[in-house]
Amino acid sequence: MIKKIGDIIKNNSSFLVVSHINPDGDAIGSSLAMYSVLKDMGKEVYLENPTKPIPQVYSFLEDYDKFELVSNKKNVDVIFILDVAEINRCAIDKNYTKGKLVVNIDHHKTNTDFGDINLIDKDAAATGCILWSIFEENNFIVSKKTATYLYVSILTDTGSFRYASTTPRTFKIASKLLEKGVEPWFVAYNVYETRLLKELKLLGLVLETLETYYEGKLAVSYITRDMFIKTDTTAENAEGFVNFARSVRGAEVGVLLREDEPGVFKISIRSKDRVDVSEAAGAFGGGGHKNAAGGTIYGTLNQAEQKILEAFSFLG
Ligand SMILES: [Mn+2]
């Protein structure tokens with residue numbers, strides 16, 4: 001399959017690269033890496049994401065401003081859909097895909113195999129790891145720039161090489177990326193140590209909301225519209241806050257309820273080890289990985305909290 005995708009790249013001339021709404025570091029890094037490799041080969045390539053703007057934290061990446069909404073305007077041979085479990089998460093029109101080859105490359109175990117070609121590796125720590133295999137095994141040139149994009153994808157999707165998804169292969173790939181010139185401190189500094197003061201003020205409010213349930217095995221935190229308004233912040237400024245819920249000693253599951261619109265709570269769920277949260281997230285119209293998943297709950301804060309307690313009653 002990796003060779004086949006290599007041939008698809010070699011034998012076609014125009015491409016669209018797209019990833020999911022509310023892109024994370026893997027969505028952005030893997031999209032940019034594919035874009036960059038195709039560009040270096042002299043291909044016609046467009047980069048799309050349904051979310052505008054792309055999170056500011058990634059603006060240090062060279063091609064950050066290359067994302068545009070082009071899918072209904074430009075005709076291409078091949079559409080690469082990266083890090084997307086379900087096609088409706090990337091807002092590509094069904095009519096637009098007709099007559100084009102859709103290549104689905106992902107590592108979500110909930111992936112629905114929606115492509116004409118599907119390369120799903122559930123054991124890959126990030127979609128960026130799968131792209132590395134494609135580039136390496138087909139002898140494609142990986143520049144320092146491309147390597148940095150892949151490193152961002154892997155660093156962020158493994159929680160800085162902390163999650164259980166991190167394997168010897170993950171470190172081998174990271175090592176090869178460093179040999180291509182990636183500067184780990186440059187990336188880590190830009191991704192993790194450029195937080196805005198107002199974001200940390202918001203975090204202060206979020207930490208005040210932390211409560212535990214089921215003998216401390218479930219930790220729940222929340223952000224209300226009022227907290228966003230009070231600190232002049234938006235959902236984008238709360239990136240990573242769910243990890244504080246999980247970090248409570250003894251907690252097996254950490255949850256953040258984020259009121260993105262009045263009465264609409266975006267749910268982020270993280271688990272430490274043995275607990276699989278992807279199914280619970282399915283009940284909220286979402287999905288994800290064993291240790292990281294999400295979904296949406298409609299209602300009041302109280303109702304949302306109640307639904308979370310019910311979904312995780314098996315911890316009690
Ligand atoms: Mn990913």
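Q: What is the strand order in the open sheet of 6 strands?
A: The order is S6-S7-S8-S9-S11-S10, and the pairing is mixed. The strands are DSSP runs (E, at least two residues), numbered from the N terminus. This is a predicted model, in which local features need pLDDT of at least 70, side-chain atom pairs count only at pLDDT 80 or more, and totals for chains, interfaces and linings use all residues. Residues are numbered from 1 along each chain as its sequence is written.

Q: What makes S6 and S10 edge strands?
A: Strand S6 (211-213) and strand S10 (287-288) each pair on one side only.

Q: Why are S8 and S9 said to pair?
A: Two strands pair if DSSP finds at least two bridges between them. Strand S8 (residues 253-261) and strand S9 (residues 264-271) are joined by 8 bridges, so they meet that definition; they run antiparallel. Among the partners are Val 253 with Ser 271, and Leu 257 stands opposite Ile 267.

Q: What lies between S8 and S9 in their hairpin?
A: The hairpin has 2 residues between the strands, and Gly 263 in the turn has a positive phi of about 80°.

Q: How do you know that S7 and S8 pair, and in which sense?
A: DSSP gives 6 bridges between S7 and S8, in the parallel sense. Val 220, for one, has Val 255 in S8 as its bridge partner.

How values were computed:
Helix = DSSP H or I, 4+ residues; strand = E, 2+ residues; numbered from the N terminus.
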